[in-house]
Amino acid sequence: MFKSRSEGNVVYKCTVRLLEDLDVLECEFQPHHKGCFLLDYVCEQLEITEKDYFGLRFVDSAKQRVSDLE
């Protein structure tokens, strides 16, 4: 559920598309979460234990791809 900024509990919804766009995962996170939170969530959902081989990238509002999430 989304809340107003005045309530102090801002929640963002994220759609994660896997490499070949065949699967999609939904996730909610808060502004204080870092990229590793999202990576941990995706790996947990996919039952991946070796996280060192995977990463995330996103497309910003200017449609630029960004690969480094820390």
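I looked up the largest pocket and got about 780 Å³. A pocket here is an open set of 1 Å grid points over the protein atoms alone, with protein on both sides within 12 Å along at least five of seven lines, and lining residues have an atom within 4 Å of a point. The volume is the space filled by probe spheres set on the points. I count 22 lining residues, with Val-16, Arg-17, Leu-18, Leu-56 and Arg-57 closest to the centre. E1, helix H1 (35-45) and strand E3 (58-59) each give two or more residues to that lining.

**Ground rules**

This is a predicted model, where local features need pLDDT of at least 70, side-chain atom pairs count only at pLDDT 80 or more, and totals for chains, interfaces and linings use all residues. Numbering starts from 1 along each chain as its sequence is written, and side-chain values use heavy atoms, with hydrogens and water left out.

**Leu-19**

I found Leu-19 in the loop between strand E1 (12-17) and strand E2 (24-29). Is Leu-19 buried or exposed? Leu-19 is exposed, at 85% relative accessible area (exposed is over 50%, buried under 20%, with a 1.4 Å probe and protein chains only).

**Whole chain**

Buried residues are 17% of the 70.

Conventions: Helix = DSSP H or I, 4+ residues; strand = E, 2+ residues; numbered from the N terminus. 1 Å grid on protein atoms, 1.4 Å probe; cavity = no way out; pocket = protein on both sides within 12 Å on 5 of 7 lines; lining within 4 Å.
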